Amino acid sequence: MANYRDPKLKVFTCNANPALAKEIVDHIGLPMGNAQVVHFSDGEVQIKLNESVRGADVFVIQSTSAPVNEHLMELLVMVDALKRASAKSINVVIPYYGYARQDRKARARDPITAKLVANLIETAGAHRVITMDLHATQIQGFFDIPVDHLLGVPILGKYFLEKSLEDIVVVSPDHGGVTRARKLAERLEAPIAIIDKRRPEPNVAEVMNIVGNIENRTAIIIDDMIDTAGTVTLAANALVESGAKAVYACCTHPVLSGPAIERIQNSCIKELVVTNSIPLGPEKHIEKIKILSVAPIIGEAIIRVHEELSVSKLFD
């Protein structure tokens, strides 16, 4: 969409994912909002807004990816700056919502950090949140402001449809991801399978049983995020051992920390398809990883929110 002319729509970015932010404003046809995110020598965040935002619908694009705390603080300070500069509405666009894994008390005396982050964003002055593939959909209810929850499945599904793979089975790596797997399976007109796994410690997965028929099929594992890649590589090995003829994997958020790249490189996964909700450093660009852009879907969502149109229509 070229040259979206509306002086009351402004898009700013912090430092988490400037390349994605640039793609989004190019899709909308707007110039990037003029602001600087700088740091004092002791690391404190300072925001400089170099243009007026008075009376404007402002969208701030910032994933809370690594370094998570720094990027979260940048977002909060930016929202505060916009509030004090009399922006009409402040919409935070968080392609990847960090701290989402801590969304309940799994054991005694656990914090619920996903709720804490929601409180911080609201207290800073945000009026709306636009995010993608939350780790758990109930996080939407942690906010008392509107949340538009975008889905990565249409982007991933389109890519796999164009590959024209045969005998597909969509695999959920755990019980929690069954709804996501079913949405992809519906798009690919394929059956689903579930891996029944136990997780004795955080970031440690133990594959148990496979529910569903995967023999002589092309398996596509789908998850919302891949962090250390322990789960997905164990799942891929279990699928091959149980007779799958090829294994692909896909996720919306490529956190890919610690030994993830090495594990994927050495695994039996043929291709890992991810989105650019989190920027991947050059050291993570390996042949097995295919990156798809979420800029068009986020750009459309921004236009629809600004024009007060339905966002859910994007996924019909």
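At what angle do helix 1 (residues 18–28) and helix 8 pack, and how far apart are their axes?

**Entry 1: helix 1 and helix 8**

I began with this pair, keeping in mind that I am reading a predicted model. Helix 1 and helix 8 pack at about 55 degrees, and their axes are 8 Å apart. The two helices are therefore oblique to each other, and I noted the crossing as right-handed.

Next I looked up who meets whom. From helix 1 come Leu20, Glu23, Ile24, His27 and Ile28, and they meet Ala295, Pro296, Ile298, Gly299, Glu300, Ile302 and Ile303 of helix 8. Sorted by class, this contact has eight nonpolar, two polar and two charged residues.

**Entry 2: the cores**

The largest core has 44 residues, and Ile28, Val170 and Ile298 have the most contacts inside it. Helix 8 (residues 295–306) gives the most to this core, with seven residues. A separate core has 36 residues, including Val37, Val117, Ala118 and Ile139. A reminder to myself: in soluble globular proteins, nonpolar side chains tend to be buried together.

I then asked which residues Val170 is in contact with, leaving aside neighbours within four places in sequence. My list for Val170 reads Ala181, Leu184, Ala185, Leu188, Ala190, Pro191, Ile192, Ala193, Ile220 and Ile222.

**Entry 3: helix 4 and helix 5**

Leu184 and Leu188, both in contact with Val170, also belong to the helix 5 side of a helix pair, and I followed them there. The axes of helix 4 (residues 153–163) and helix 5 (residues 178–188) come within 9 Å and cross at roughly 40 degrees. Helix 4 and helix 5 are therefore oblique to each other, with a right-handed crossing.

On the helix 4 side I wrote down Val153, Pro154, Leu156, Gly157, Phe160 and Leu161; on the helix 5 side, Arg180, Lys183, Leu184, Arg187 and Leu188. By class, the contact between helix 4 and helix 5 has seven nonpolar, one polar and three charged residues.

**Entry 4: helix 2 and helix 3**

How are helix 2 and helix 3 placed relative to each other? They pack at an angle of about 25 degrees, and their axes are 8 Å apart. That makes helix 2 roughly parallel to helix 3, because angles under 35 degrees count as such.

Leu72, Leu75, Leu76, Val79, Asp80 and Lys83 of helix 2 meet Val117, Leu120, Ile121, Thr123 and Ala124 of helix 3. I sorted this contact into eight nonpolar, one polar and two charged residues. Val117 is a residue I had already noted, as one of the 36 in the separate core.

Most residues other than glycine have a negative phi, and most peptide bonds are trans. With that in mind, I went looking for exceptions.

- Ala66 and Pro67 are joined by a cis peptide bond, with omega about -10 degrees. Pro67 lies in the loop between strand 4 (57–61) and helix 2 (68–84).
- Asn216 is not a glycine, yet has a positive phi, near 55 degrees. I found Asn216 in the loop between strand 10 (204–211) and strand 11 (218–226), exposed at a relative accessible area of 53%.
- Glu308, also not a glycine, has a positive phi of about 60 degrees. Glu308 sits in the segment after helix 8 and is exposed, with a relative accessible area of 75%.

**Entry 5: two loop residues**

Is Ser277 buried or exposed? Ser277 is buried, with a relative accessible area of 0%, and its place is the loop between strand 13 (269–275) and strand 14 (289–292). Not counting residues up to four places away in sequence, Ser277 touches Asn17, Leu20, Ser63, Pro95, Tyr96, Thr252, His253, Pro254 and Val294.

Glu215 was my last stop. Glu215 lies in the loop between strand 10 and strand 11 and counts as exposed, at 53% relative accessibility. Leaving aside neighbours within four places in sequence, Glu215 is in contact with Ser242 and Gly243. Glu215 and Ala136 are 79 residues apart along the chain, and their C-alpha atoms are separated by 30 Å.

Conventions:
Residues numbered from 1 in each chain as written. Predicted model: local features only at pLDDT ≥ 70, side-chain atom pairs only at ≥ 80, totals over all residues. Heavy atoms only, no water. Core = buried A, V, L, I, M, F, W, Y, C linked by side-chain atoms within 4.5 Å. Buried < 20%, exposed > 50% of the residue type's maximum accessible area, 1.4 Å probe, protein only. Helix = DSSP H or I, 4+ residues; strand = E, 2+ residues; numbered from the N terminus. Contact = heavy atoms within 4.5 Å. Axes fitted to C-alpha atoms, helices over the stretch in contact; angles between N-to-C directions. Parallel < 35°, antiparallel > 145°, perpendicular 65-115°, else oblique. Left-handed = near helix turned anticlockwise from the far one by under 90°. Nonpolar A, V, L, I, M, F, W, Y, C, P; charged D, E, K, R; others polar.
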